[in-house]
Every structure is written in structure tokens, then in C-alpha cells.
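Thanks for making time this morning.

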Amino acid sequence: MASPRTITIVALSVALGLFFVFMGTIKLTPRLSRDAYNEMKRAYKSYVRALPMLKKMGVSSILLRKSIGALEVVCGIVMTLVPGRPKDVANFLLLLLVLAVLFFHQLVGDPLKRYAHALVFGILLTCRLLIARQPEEQPPEKRILSVNGDEQPLIHEAAPEKGKIKVS
């Protein structure tokens, strides 16, 4: 049976991956929701207006929106379907993307309700990354000492720790 850690990582990966595929698709096409797509267009225009440096670099609101949307779709697919290290890389890229989006929301003065989802999914991405990067717990090996043919656990493992009372 899979460990609770593995189940947690898989569940978070699939849920986060599907969410980012959905959100990226909304940024790329009006097929899922015309209203949401139009809202994304408006929002990204305000982000580019708030950061004139993007305009100077030749980054239009359309390019910014489509780049972020495409990155979300690609990383979401990797998070959902691809095993191993690429999943962690996609997780990290999405986390950086969420931080950039939070920065944009703060820059234009959006109210919390407009970016609360980004905060929640940023926290979930952080949790998934931390859980995935922790080493798998290995059960401690029982060390046995053979004395005159009798097997006994080592003394420091058999005796309770100093200062602790054994309650039964």
C-alpha cells in the first residue's frame, strides 16, 4: 500500500496540475468562459500599464497573458502526468509564477478577493514542494547483539532514554 506521504503528493499534484491547466486555458482562449477570458484580458492590460518597464522591453499585455497561460498549461500537464523530478521543477516554476501574479495584483491595488485564489494555490504549491523534497522515512533497523548464543537487543535500544519514565 502507498504511504500517506505518497498519496498526499499525488493528490496535490493532480489537483494543482488540473487547476493550472484550467486557469492557463482561460488565459489562452475564450472557449471555456468568455467572461473570464475578457476579465483576464482587462487585468493583464492593467498589469502592463502599472509596469512601464514591460512596455519598454516590448512585452505587450497579450504576450504577457499568453506566456503566463502557456506556462501554466505546460506546468499543469507536467504536474498531473509526468513522474519524478520534472514534477518538482514544474511546481517550482508555478510557485514563481504565483508570486509574480501576486506582485501584479498588489501593484495595481486589487482587493484581496481578486487574488485570494492565488494565495491559496501558492500555499498549496509550497506545501507540495516541501513534502516532496523531504526524504522518505526509513524504519529503524533492529540491531541485535549475540551474547553466548543468545540474541539480545543492544543496551541503548532496550533501555528507556535517560530522564524518561516508562509508563505502562
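I will begin with how the model should be read.

This is a predicted model, in which local features need pLDDT of at least 70 and side-chain atom pairs count only at pLDDT 80 or more, while totals for chains, interfaces and linings use all residues. Residues are numbered from 1 along each chain as its sequence is written, and side-chain values use heavy atoms, with hydrogens and water left out.

The chain has seven helices and two strands, where helices are DSSP runs of H or I with at least four residues and strands are runs of E with at least two, numbered from the N terminus. Read from the N terminus, the order is α-α-α-α-α-α-β-β-α. Of the 168 residues, 32% are buried, meaning under 20% relative accessible area with a 1.4 Å probe and protein chains only, with exposed being over 50% and partly exposed in between.

Turning to the helix pair, the axes of helix 1 (residues 4-28) and helix 6 (residues 112-133) come within 10 Å and cross at roughly 145°, the axes being lines fitted to C-alpha atoms over the stretch in contact and the angles running from 0 to 180 degrees between N-to-C directions. The contact, which is defined as heavy atoms within 4.5 Å, includes L12, L16 and F20 of helix 1 and F121, L124 and L125 of helix 6.

Lastly, K41 sits in helix 2 (residues 34-50). Why does K41 count as partly exposed? Because its relative accessibility is 30%. K41 and R65, 24 residues apart in sequence, are 7.4 Å apart in space, C-alpha to C-alpha.
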